[in-house]
Amino acid sequence: MKILVALKQVPDTETKIKVAADGRSLDPADVKWITGPYDEYALEEAIRIKEAKGAEVVALSVGGDSAKEVLRNALALGADSAVLLKGDGQGDALAVAQMIAAYAKDKGFDLILCGNKGIGGDNAAMGPMLAELMGVAQANVIVKLELGEGTFRAEREIEGGSEMVEGSLPAVITAQKGLNEPRYASLKGIMAAKKKTIEELEATAAPAVAVVSALALPPERPAGRRLEGEPAAQAQALLQALKDEAKVL
Amino acid sequence: MILVFCELKDGQIRKPSAEALSEGRRLADASGKKLGALFAGASCAGSAEAAKYGADVILAAEGASLASYSSDAFAQLVADAVKAKGATVLLAAATAMGKDVAPRAAARMGAGYASDVTGLAMADGKLQAVRPVYAGKAFATTTFTSAVQVATTRPNVFPLAEKAGAGAAESLAAPAGSFKAIVKEILAKAGGKVDLTEANVIVSGGRGMKDGANFKILEDLADALGGVVGASRAAVDAGWGLPHSMQVGQTGKVVSPTLYIACGISGAIQHIAGMSGSKFIVAINKDPEAPIFKLASYGIVGDLFEVVPELTKAAKAMGIGKG
């Protein structure tokens with residue numbers, strides 16, 4: 001079995017977002033970059049499949065030189081090889097999906113795993129777009145995955161519950177928190193990863209068809225007020241305020 | 001035409017779909033376009049309701065092959081309908097199904113896609129979308145260069161607007177059934193409660209709850225207010241047995257209720273990112289310096305184990321959440 005794991009480098013969730021001088025992109029100063037948290041579940045799942053039934057795991061990222069850090073980490077955790085598709089990072093989800101599809105098309109991957117969303121653009125679109133471009137099955141926001149002979153069974157989170165999706169391989173599966181508990185890299189893994197090479201490929205990105213023309217910080221919330229007194233009085237005051245001032249109850 | 005992919009539940013249009021239709025009508029009026037509503041399923045009974053939200057045309061694909069949701073079949077159906085009707089804008093609600101089918105259909109059409117939008121406008125016949133990025137830490141304005149433009153609307157953001165439309169019914173052929181993936185069964189349907197992303201009132205607990213069992217008092221308050229219970233990442237990751245589906249934040253659900261009551265939540269950046277779109281925020285925390293108070297419309301500095309039961313008692317006494 002051959003598994004491709006697509007990983008995205010994203011700002012750490014504790015990062016404060018600042019808008020760059022161009023008014024439409026993220027100011028990269030002071031941003032700590034990490035592997036997408038949902039991508040970590042995707043990678044862990046691939047490594048577990050490899051350990052359970054044997055598989056070749058290829059880690060892939062689209063981006064500049066800094067994305068090599070994500071791939072180095074994937075190698076340390078157990079990916080067999082790593083590929084960096086060098087793009088300018090300006091593409092939309094469709095452009096990224098097209099780049100990955102062009103790379104993966106003739107490589108015979110049985111399974112493509114990635115996070116159900118990056119935590120940047122938050123479009124949650126790359127996985128399903130990749131599935132469509134490759135003409136394969138998809139299952140998104142997956143908390144449980146079972147593989148059969150050329151088939152899969154995946155539990156997908158939906159409103160107020162979950163649903164079981166069954167389909168044929170190859171497939172694109174996007175991971176949700178709960179799928180597994182990602183491991184930490186071992187010292188041995190980290191040392192071994194240093195010796196591996198990351199394959200770098202120049203990839204041509206089609207121009208984005210969904211373009212971010214402006215990026216702005218959310219408006220400041222109006223100042224609130226504190227409710228004083230004993231708990232019972234606070235509770236009474238709050239409900240009254242929600243009813244009379246906010247008119248939400 | 002502006003085409004809206006709609007979902008039915010128990011023979012009625014789901015509220016997030018009705019919101020998307022309402023917004024679609026507004027955009028259609030602003031740009032002199034027609035509004036179409038698209039339904040798919042074993043039965044589309046109930047689809048006529050779309051006329052109430054201004055649909056000029058109601059397209060229904062009915063057939064046994066559409067009884068269960070299949071992402072590849074539905075994406076193909078949606079893309080074919082867009083093409084057949086010459087639609088330039090495709091909308092769907094940003095629900096589990098909408099977010100599954102819309103990007104796949106967009107890729108099929110080579111169309112630009114904006115997910116979870118909170119604002120839409122038409123400028124020179126083109127769609128313009130405003131959407132939260134970095135889980136709401138910033139807002140991006142998205143414009144499109146593709147002929148067809150696709151967006152999913154965030155539930156609870158766009159107001160429902162009734163405006164009678166012609167509602168001319170047309171039927172579409174259901175695809176023949178050989179799908180790459182299909183839903184086989186629906187599991188663990190929680191007792192009729194709405195999802196966090198669609199809830200009007202959310203009562204959320206954080207590290208200050210001290211234990212999973214203590215969430216009972218939040219359940220009681222949520223029940224009294226007609227709301228649902230959420231949790232911070234700290235609470236979900238604490239090993240208290242809380243499911244991750246409860247998690248609100250950048251790596252959980254991004255919510256936009258009318259009322260969000262944060263109990264024992266300090267207000268980490270990644271949590272705030274997930275709930276700052278709430279209309280009114282109440283913070284209950286014993287630490288007066290907790291960052292959550294900076295966001296709160298109403299703040300209560302106090303012991304949540306005393307305040308929350310008092311709130312429940314008072315809400316019941318006032319008969320809130322019953323009407």
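Q: Which residue is the bridge partner of A:Ala210 in strand 10 of chain B?
A: The partner is B:Phe144. This is a predicted model, in which local features need pLDDT of at least 70, side-chain atom pairs count only at pLDDT 80 or more, and totals for chains, interfaces and linings use all residues. Residues are numbered from 1 along each chain as its sequence is written, with chains lettered from A and ligands numbered from 1 in the order in which they are written.

Q: What makes strand 12 of chain A and strand 10 of chain B a pair?
A: Strands (E, at least two residues) and helices (H or I, at least four) are DSSP runs, numbered from the N terminus. Two strands pair if DSSP finds at least two bridges between them. Six bridges join strand 12 of chain A to strand 10 (residues 138-144) of chain B, so the two qualify as a pair, and they run antiparallel.

Q: Why are strand 13 of chain A and strand 15 of chain B at the edges of their sheet?
A: The open sheet of six strands has the order 13(A)-18(B)-17(B)-16(B)-14(B)-15(B), with parallel pairing. Strand 13 of chain A and strand 15 (228-231) of chain B each have a single partner strand, so one side of each is left without a neighbour in the sheet.

Q: In what sense do strand 14 and strand 16 of chain B pair?
A: Strand 14 (residues 201-205) and strand 16 (residues 259-263) of chain B pair in the parallel sense over five bridges. B:Val201 stands opposite B:Leu259 in strand 16 of chain B.
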